[in-house]
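Biologist: I am new to reading protein models. Could you take me through one, feature by feature?
Modeller: Gladly, let us look at it together.

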Amino acid sequence: MKYVDEFRDPEKAQTLAKEIRQLVSRIERAKQRPLQIMEVCGGHTHTIFRYGIQQLLPDAVEFVHGPGCPVCVLPMGRVDDCVALAERDDVIFTTFGDAMRVPGSKKSLLKAKADGADVRMVYSPLDALKIARLNPDREVIFFGLGFETTMPSTAMTVLQARAQNVGNFSLFCNHITIIPTIKAILDSPDLHLDGFLGPGHVSMVIGTRPYDFIARHYRKPVTVAGFEPLDVLQSMWMVLRQIAEGRCEVENQYGRIVPEDGNAQALSAVTRVFEMREFFEWRGLGSIDHSGVRVREAFAAFDAERKFAVPNVKIADPKACQCGEVLKGVIKPHQCKVFGTACTPESPLGSLMVSSEGACAAYYHYGRIDTSRIDARRSARQAAGAANAEAVAGCLGAAGATAAAPPLIANTVAASTARGVT
Ligand code: SF4
């Protein structure tokens with residue numbers, strides 16, 4: 001396949017949808033309740049809505065939207081920290097565009113810019129480094145945000161800043177890791193998932209091995225998935241095939257991009273510059289152990305948190321906001337009390353309405369979904385809650401669901417050492 005259109009072929013999509021229907025008809029569990037498959041990544045959520053993939057699937061299969069949109073999980077307190085840094089007279093604050101509109105407790109970065117702060121949108125951390133070189137009399141801070149996908153480019157930029165001796169460049173590090181978050185979701189008593197579409201971009205960096213614990217200890221099938229409509233449909237078919245055959249494995253549909261062992265160079269840069277934080281606060285999900293990274297002591301001169309006084313105040317989300325429940329897949333976006341009323345893309349109350357990868361923004365922009373059908377299914381499922389719990393317990397089997405997921409950096413160091421990468 002050479003052209004992107006071939007990944008959007010309607011005939012092939014219909015063929016896959018038919019195969020999925022046949023597979024589902026063979027799964028006993030699907031006759032009692034809808035199978036819940038979490039797409040971890042916001043990019044998948046966007047594809048599902050943009051191309052109407054949920055409508056192609058039988059009622060017995062339901063997507064649960066996961067927490068894989070880094071802008072969406074940024075807590076309000078960290079946005080306030082950004083604003084405090086940006087409003088310093090000596091600072092040029094640089095950020096990716098989708099973080100500009102995330103609401104803080106008082107204002108967003110966009111509002112801070114309107115109020116006079118020097119906030120500049122960049123397309124890469126290297127743009128920020130260039131701004132620092134061009135403005136030696138100002139402090140330039142880059143807002144580092146994202147999962148393992150964007151971590152390597154930030155790490156490489158810090159390494160370049162040190163190599164080029166750019167002393168007025170620093171990083172406000174908010175990078176987060178996907179594995180502890182998936183584990184927190186798997187341990188959540190509110191959710192009973194049947195399988196995962198694994199994140200494609202993150203896996204390009206970390207590979208597929210870090211997901212082994214999901215299949216081995218939690219007995220859930222995982223398929224690492226690409227982002228085109230046929231990728232998502234084929235990945236769903238692969239997860240369902242595992243369920244139908246009673247298998248729990250990690251499969252890789254996105255093999256054209258994702259290597260099993262990840263990207264050794266990228267991982268090496270990440271481990272040189274970053275170390276795990278003991279815990280990191282997530283919007284709506286609370287504090288999750290070892291779910292974020294900070295700049296290592298060796299690079300302290302490039303760490304905005306060490307260089308400047310960052311308020312670091314914890315701020316609770318507004319009461320009306322149900323982002324956490326949506327992030328955990330407990331409710332659908334349209335079931336939030338303020339969806340489309342007090343919270344819209346033009347005037348977002350929660351961060352899931354801001355980013356193009358946010359589940360609420362996807363529902364709002366591509367809201368072709370038949371919500372009455374979803375609501376009816378959810379009511380039926382809630383009524384059958386006790387029966388579901390029994391079925392899920394049966395699926396977990398003797399292995400149970402209490403295994404610990406090793407933190408990514410620890411994994412990475414171990415894997416890198418094994419491959420001779422330092
Ligand atoms: S509608 Fe707004 S407040 Fe509600 S969950 Fe979505 S982003 Fe959060």
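**Reading a fold, step by step**

Modeller: Let us begin with helix α3, whose buried residues are Gly-42, Gly-43, His-44, Thr-45, His-46, Thr-47, Ile-48 and Phe-49. Keep in mind that this is a predicted model.

Biologist: Why is α3 described as largely enclosed by the rest of the structure?

Modeller: Eight of the nine residues in α3, which spans residues 42-50, are buried, so the rest of the structure largely encloses the helix. After α3 comes Gly-52, and its phi is positive, near 65 degrees.

Biologist: How many helices and strands are there in the chain?

Modeller: The chain has 19 helices and 13 strands. Of its 422 residues, 49% count as buried. Contacts tell you about the fold too: among those between residues at least 6 apart in sequence, 79% join residues at least 24 apart.

Biologist: Now the sheets, please. What holds strands together in general?

Modeller: Strands of a sheet pair through backbone hydrogen bonds, and the pairing is either parallel or antiparallel. Here, five strands make an open sheet in the order β2-β1-β7-β8-β9, and their pairing is parallel. At the edges stand β2 (61-68) and β9 (250-252); each has a single partner strand, so one side of each is left without a neighbour in the sheet. From one strand to the next, the twist averages 20 degrees.

Biologist: Which way do the residues of strand β7 point?

Modeller: In β7 (residues 195-198), Gly-195 and Leu-197 point one way, while Phe-196 and Gly-198 point the other way. All of them are buried.

Biologist: And which strands does β7 join?

Modeller: Three bridges join β7 to β1 (residues 35-41), and the two run parallel. In that pairing, Glu-39 stands opposite Leu-197. Another three bridges join β7 to β8 (residues 222-224), again in parallel. There, Phe-196 stands opposite Val-222, and Gly-198 stands opposite Val-224.

Biologist: What is the strand order in the sheet that contains β5 and β6?

Modeller: That open sheet has four strands in the order β4-β3-β5-β6, with parallel pairing. Its edge strands are β4 (119-121) and β6, each pairing on one side only. The twist here averages 25 degrees from one strand to the next. Look at β5 and β6 in particular: seven bridges join them, and Gly-146 has His-175 in β6 as its bridge partner.

Biologist: Which helices lie against this sheet?

Modeller: Helix α8 packs on the sheet, where α8 touches β5 and β6, and its direction makes about 160 degrees with that of β6. Helix α5 (residues 76-86) lies across β3, β4, β5 and β6, and runs at about 140 degrees to β3.

Biologist: How should I read the buried side of a helix?

Modeller: An α-helix has 3.6 residues a turn, so residues three or four places apart point the same way. Now try α7 (residues 125-134), where the buried residues are Pro-125, Ala-128, Leu-129 and Ala-132. They cover an arc of only 100 degrees around the axis, which puts them on the same side of α7. Among the elements covering these buried residues are β3 (91-95), β5 (139-146), α8 (151-163) and β6 (169-175).

Key. Residues are numbered from 1 along each chain as its sequence is written. This is a predicted model: local features need pLDDT of at least 70, side-chain atom pairs count only at pLDDT 80 or more; totals for chains, interfaces and linings use all residues. A residue is buried if 20 or more other C-beta atoms lie within 10 Å of its own, exposed if 12 or fewer, and partly exposed in between; C-beta atoms are placed from the backbone. The arc is that of the directions from the helix axis to the C-beta atoms. Two residues are in contact if their C-beta atoms, placed from the backbone, lie within 7 Å. Two strands pair if DSSP finds at least two bridges between them. Axes are lines fitted to C-alpha atoms, for helices over the stretch in contact, and angles run from 0 to 180 degrees between N-to-C directions.
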